[in-house]
Each structure stands twice: as C-alpha cells, then as structure tokens.
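Here is a protein model to walk through. Keep the sequence at hand and find each residue as it comes up.

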Amino acid sequence: MNNNFENLDGSITGNKHFYRLRVFYEDTDSGQIVYHTNYLKYFERARSSLLNLLKIDQFNLKKEFDIILVVKKVDVNWYKSAKLNDKLVIETCLKYAKNSSITLNQIAFKYDSNNHEHELLVSGVIQIVAINSQNKVRRMNTILNHKFFQNKS
C-alpha cells in the first residue's frame, strides 16, 4: 500500500496558499447545503495546513516559546452555498503582519473540474494573535521570519 501523504497540506504558489477539500455529508444540512459555520472550520484547516507546510509546528510553538495562536477577529461575507460533494479550494494570503498578529485574506471557491473554473462562495479577513499561557500578547518572531508572512511593500 502506498501511503503518500505529501499533498494533505495543500500547496503554495507565489504568495498564496491553496488548500483543497470535498464537501461531505456531515458538512451539510438536510438540503445538502454546507452549514455557514463550516466555512470557518475550512478556513481554520487551511491556516493549520499552511503552518504545517511551512514546518511551523503549533504544538512546539507552545512547548518551546509559550506561543499560542488564537483568532481575534473575523469578518466574513457569504455569497453562495456549497453543496454535498462539491470540490472547494481555500485560498489564503497575507494581508499584513505585525509584531504579535497576522491578518489573512481567505477565500472559499467552488472548483468545477469540467471547465477548470472557480466560483466565489465565501471571503473572509481573519486576524490571528499570539498569546502566552497567561493570555498576554506575545511577539511572534519565529513565525514572522518566514517569507510567506513578510509584508510586501
């Protein structure tokens, strides 16, 4: 058996991370439409996968540096609904970074493999803040040193 887990965390092209998923039955309501809150879960999975792809281990961040990444602010717009078995692409890119926070633009697209088109479903701006175990804001230099999180001028 070939256990190739290479693409589980998506891919980075230029300054964008792409995470792919399929909508399962558990993601939908009785009309087979994705629950609105599941897009936040998809965005979270994409962010975690991005960190994994960049070899930034959240468990080790806490253990070695007492850094915990938490969502501080979310601004989401829903345009269309995904349905059961739809293929989705979550696109993540840096909006800006500061000493203790990262703000990301995240977009959920429905991917149509027949004509290779993307249809916008949901967009969001998510602010992530670094805190320690005492809930005090921390600098996140270990993350900001990675080129994906470098502000573009």
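Start with E44, which is partly exposed because its relative accessible area is 35%. Here buried means under 20% relative accessible area, exposed means over 50%, and partly exposed lies in between (1.4 Å probe, protein chains only). The areas come from the Shrake-Rupley method with a 1.4 Å probe, and for residues only the protein chains shown count as cover.

A word on the source: this is a predicted model, where local features need pLDDT of at least 70 and side-chain atom pairs count only at pLDDT 80 or more, while totals for chains, interfaces and linings use all residues. Residues are numbered from 1 along each chain as its sequence is written, and side-chain values use heavy atoms, with hydrogens and water left out.

Back to E44. Its side chain meets that of R47 in a salt bridge, at 2.4 Å from N to O. A salt bridge is a side-chain nitrogen of Lys or Arg within 4 Å of a carboxyl oxygen of Asp or Glu. Both residues sit in helix α1 (residues 38–53), 3 residues apart, or about one turn of the helix. Helices (H or I, at least four residues) and strands (E, at least two) are DSSP runs, numbered from the N terminus. R47 has a relative accessible area of 10%, so R47 is buried.

How many salt bridges does a search of the whole structure find? The search finds 4. One of them joins the side chains of K16 and E91, at 3.6 Å from N to O. This pair links distant parts of the chain: K16 is in strand β2 (residues 16–22), E91 is in strand β4, and 75 residues separate them. K16 is partly exposed at 31%. E91 is buried at 12%.

Another salt bridge pairs K110 with D86, at 3.9 Å from N to O. Distant parts of the chain are linked here too: K110 lies in strand β5, D86 lies in the loop between β3 (68–78) and β4, and they are 24 residues apart. K110 is partly exposed, with a relative accessible area of 28%. D86 is buried, at 12%.

Stay with strand β5, which covers residues 101–112 and includes S101. Is S101 buried or exposed? S101 counts as buried, because its relative accessibility is 6%. Leaving out residues up to four places away in sequence, S101 touches Q127, I128, V129 and M140. Contact means heavy atoms within 4.5 Å.

Finish in strand β4 (residues 87–97), where K95 lies. K95 is partly exposed, at 45%.
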